[in-house]
Amino acid sequence: MKKFISLLALAALLAGPTFAQPAYSGPMPVPPSDTRTDALRRAYLDRVKEVLVWYSATAKPDKPETIGTGQIVAKLALHQDAGLVSQRIIELMKQPQTGDMFWMFPWAAISFLGRDQLSAEAKAAIRDAWRTYFPMRGDTENHWAMYYSSLFLMSELYPDDPAGSWFTGKSSAENRAEAKGYLIHWMDLATTIGQGEYNPTHYIGEYAIPMLYLATWSKDPEMKIRGHMMLDWLMAELADNTLNGVLRGPNARTTEESVLERWNGLSSFFSWTMFGNTPPPAAYGGFGIFFAGAAENYQLPEVIYHIAVDRSQDYIQRDLKRTRRRWRYSDQFMPPVYKTSYMRRDYAVGSYQGGQSDPIQTHVWDVTWAVPDPRGVHNTLFSMHPYASTEVLQMYFTEQPDGLIDSLSGQGKPSFGVPDKILGASPYERVFQDLDTVVALYDIPPGTSYPRINGFFSKDLTQITEDKSGWIFVQGGHTYLAYRPLAPFHWEHLLGYRQLPSAHGYKWERVDKGEQGDKLLVSEHLKNGTIVQAASADEFKSFAAFQAAINALPLEFRLEPVPVVKLTTLRGKQVTFTYGQAPVVDGAPLDYTKWKLFEGLYLNAEKGSRRLTITHGQLKRVLDFNTLTITDSVTP
Amino acid sequence: MPTRNITLALLGWCAALAVSLAAAAPLHDLYICASNSRGTRVIGFKDTSLNGVYRREADGSFTHLGLNHPMTLSVTFDPRDARLFYVASLSGILRTPDGGQTWRVATDWDVTEPKSVVVDPNDPDTVYAGVPDGFIVSRDRGLTWVRAERGLPERGKYTQVVQVDRTHAGRVLIGCETGIYLTEDGAKSWRHVFTCAATVEDLQQSPHDPLFWLAVTQADGALQSRDGGFSWTKLAGVPAEHALYNVAFDALNPQRLALASWTYGLLTSEDGGRTWVERNAGLPVPHRVWRTAIDPDTGRLYAAVLDQALFVSDDFGRTWKAGGMEGSRITGFTFVPRAAR
């Protein structure tokens, strides 16, 4: 609740006291009773309009500093105050430009939205900035998606301009060719061997917004349909991986806040906008306005909507993803990531096989339970090895070794180099998931930072019971959970981070919320493991009955020479999992080579196929990047 | 007669002045790559610092050249016309034909974060660049680029540094994550000449003896080659527990060498590399020396202390004074003969 209050304070700060942000601070959205296409469309456009109106209202004509790119996008999308906006743009363009690719996509949107509204001087000022300001291209796929989509569209808007008129020193045609080359390359990777920055809680906007812009404004029919199809692809994945709109793990990239308060990410803006099943974050996640500005040009396929809101049927989904590019110190450039998700009405369990997917912000596995209102709730349980090393950072970043870890804190990622962190992946973690059972094993070499396992126990858990059997039983929402540490442990308060004023980069202090806060189960043993099993409370007569059921299950484990677990799961599966070996289920070793790009109840695609089939009930949509076609059908 | 005498005297004075000026005028221009955000820049966030390539002026100040790019690492010049130069930047290879007035991102989308770029002085239409996933070359003055990786390993070809042998066109040494590689045919083929445990950070050829090369590494200390880079041995007396970032020769004194290190600060040798001493007294603490250089005209020693400033020493590190660029992170020094200007 404290977190919720602080988020409200943040929203108030962003919005000003007179501009309440309706969906953020209001009651939980109610699923619509009318799910016909027209009704869903109207509800979607109403939500989009809420964003635009709210942003527009934060712009005060007598206070130019209140009119930034978000407000300009809102006003242009609403066709308001073109004169005021033009004047403000001219002022803004006189200032030094900054923000790299995060500068590019807002100004691309403003250029297109303002084509028929802005003054000639304002349009010329923006256009000239694309000559005089040199935005960096960045070093990762979300950067490149924003950079090249924006460059492509602006080069289409000014199709015949010479090289000297662009910051790249390339003509409009050269810019378009380069941008298109990269974007198709990225789409090829995503649709054959999987996305790199998969299921990101914040970075989803950095893909979805550029794809929406391509779908909306590209004159090139190929890029227009590609943008549309990739946006469908992203939204289908979001729908499939959210529990009542809340995106849970695993995540290629997330943050210290989102990994605990699972709702608190830009992904919730997209769930709210598209599905209407969770509130948006404060200020619509910051970037939400840039989606809203063109959102009327996208229609969410009904099949995706139903996947998002229907949790009447349990389902398992297996996806193939890939790591961030490993520039050095690795035998593989983009190793595969084998992701598993099990979704039920009351909770979801998700994981990948462990190891490094991204150097800093990866979240490997969790159980996340459903709550009536996710705002301020830490509805998740997991363990992880808090790993920090310069060598791994150098694997992904092309920088010098010294100072890398320290610099991350100053760049807004405070926890990488601290032992009690709860965000990040480790090369010394191996994970296996079967339905709602997760086994995580750890074999940490001596001398590794840090020699411990952190288990996250939320402030929102109830009935915490340390059983003499070694299991820890807890309840989260309507979910019973059993957590078995495989080595001795102790409890610590999980300290938070409070940002401090700083002229140069981020500075932080740690905050202890005492007994009311979250707790860490800390196990300082190099050979280690965690077993978690989950069940709906409806499945048992009582919490005690759940405990009895877990305690009755056969379980053997040893930690030397490497951790090995042999157990029977709550679902009756015989699992043997040895660190460094393929898991064995009911006598059969898991064959990762057979993992498909998507395999599950709703999403299916063969590896290498460039073809995703999205189904729900009688509805089916096929996104075929081989033929650049979208095919909808209804099964009789 | 008096008028003639005065004229002669004036002519003589002017001639003397010209000789004097010529003697004092530096033969090289110094260019640096620098960023000024104190290491706290986050892509996408507000940053109004001025970064990129700077040139040292006669009064010792530095003038920014043209393009503000926050992450530049290496700059190289066409020896025929120094207005044509190339910069290795996070965005790719940047090329300017007019001394920084106009620029072009010379590489395509498939080249990211080049670490080092060098013109072949004996074949200046050819430009080489090391990139995180290998090596690229341009044969047309940087206009187009192609991969040139035959002989490099499929994995392990992260290339941090490129150096061209000034005595042979097409003879190039590169420092990679797996060691040192050599080409003698303009990057048509490569061979592995030394294995390292981690990235080779710098390679330099002696200005006195073209067969003498030095390398510094992340994990193997400093290395030397006395046969033009065919074989390498560890340089005794240089600590190897932590990364060394670059090495410099003194063009005026073959006995003088300098090494830069985050951990050790500035190390110098005045006996050709047999013994080394730390020369950190007078540098800011911690003395995280990111790069060093030795002025080929004066022997002045430079130490770029990370996010602090540039420091200069005219007694080879015994005393230091501030040399400008306060708050900067200098990532590369390049001395360019004035004849090319």
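Student: Where should I look in chain B? How do strand S14 and S15(B) pair?
Tutor: Strand S14 (residues 179–183) of chain B pairs with S15(B) in the antiparallel sense. Four bridges join them. Keep in mind that this is a predicted model.
Student: Which residue is the bridge partner of B:Tyr181 in S15(B)?
Tutor: B:His192 is that partner.
Student: And what is the strand order in the open sheet they sit in?
Tutor: The order is S12-S13-S14-S15 in chain B. It is an open sheet of four strands, with antiparallel pairing.
Student: Which strands stand at the edges?
Tutor: Strand S12 (159–164) and strand S15 (191–195) of chain B. Each has a single partner strand, so one side of each has no neighbour in the sheet.
Student: How far are neighbouring strands turned against each other?
Tutor: By 20° on average, ignoring direction.
Student: Back to S12(B). How many of its residues are buried?
Tutor: Six of the six, so S12(B) is largely enclosed by the rest of the structure.
Student: How many bridges join S12(B) to strand S13?
Tutor: Five bridges, and the two strands run antiparallel. S13 covers residues 172–176 of chain B. Within this pair, B:Thr159 has B:Cys176 as its bridge partner.
Student: What about the sheet with S20 in it? What's the order there?
Tutor: S20-S21-S22-S23, again in chain B. Four strands form this open sheet, and the pairing is antiparallel. Strand S20 (246–249) and strand S23 (277–278) of chain B are the edge strands, each pairing on one side only.
Student: And how many bridges are there between S21 and S22?
Tutor: Five. Strand S21 spans residues 257–261 of chain B, and strand S22 spans residues 265–269. B:Ser261 stands opposite B:Gly265 in S22(B).
Student: Over to chain A. Is helix H12 buried or exposed?
Tutor: Buried. For helix H12 (residues 266–275) of chain A the count is 10 of the 10 residues, so the helix is largely enclosed by the rest of the structure. Among the buried residues are A:Phe269, A:Phe270, A:Trp272 and A:Phe275.
Student: What follows H12(A)?
Tutor: A:Gly276, with a positive phi near 65°.
Student: What about helix H10? What span should its residues have?
Tutor: Helix H10 (residues 204–217) of chain A has 14 residues, and at 1.5 Å a residue they should span 20 Å. The end C-alpha atoms are 20 Å apart, which agrees. H10(A) is also mostly covered, with 14 of its 14 residues buried.
Student: Which domains does chain A have?
Tutor: The domain assignment gives domain 1 (44–309) and domain 2 (316–587). Their centres, taken over C-alpha atoms, are 32 Å apart. The contact takes 27 residues from domain 1 of chain A and 40 residues from domain 2 of chain A.
Student: How do the residues on the domain 1 side divide?
Tutor: Into 10 nonpolar, 11 polar and six charged.
Student: Last topic. How many residues of chain A are in contact with chain B?
Tutor: 37 residues of chain A, in contact with 36 residues of chain B. Helix H6 (101–113), helix H8 (141–157), helix H9 (172–192) and helix H16 (404–410) of chain A each give two or more residues to that side of chain A.
Student: Which element gives the largest share?
Tutor: H9(A), with three residues. The chain A side that touches chain B divides into 11 nonpolar, 18 polar and eight charged residues.

Definitions and conventions:
Residues are numbered from 1 along each chain as its sequence is written. Chains are lettered from A and ligands numbered from 1 in the order in which they are written. This is a predicted model: local features need pLDDT of at least 70, side-chain atom pairs count only at pLDDT 80 or more; totals for chains, interfaces and linings use all residues. Two residues are in contact if their C-beta atoms, placed from the backbone, lie within 7 Å. Ala, Val, Leu, Ile, Met, Phe, Trp, Tyr, Cys and Pro count as nonpolar, Asp, Glu, Lys and Arg as charged, and the others, Gly among them, as polar. Two strands pair if DSSP finds at least two bridges between them. Axes are lines fitted to C-alpha atoms, for helices over the stretch in contact, and angles run from 0 to 180 degrees between N-to-C directions. A residue is buried if 20 or more other C-beta atoms lie within 10 Å of its own, exposed if 12 or fewer, and partly exposed in between; C-beta atoms are placed from the backbone. The expected span of a helix is 1.5 Å times one less than its number of residues. Domain bounds come from an automatic or database domain assignment.
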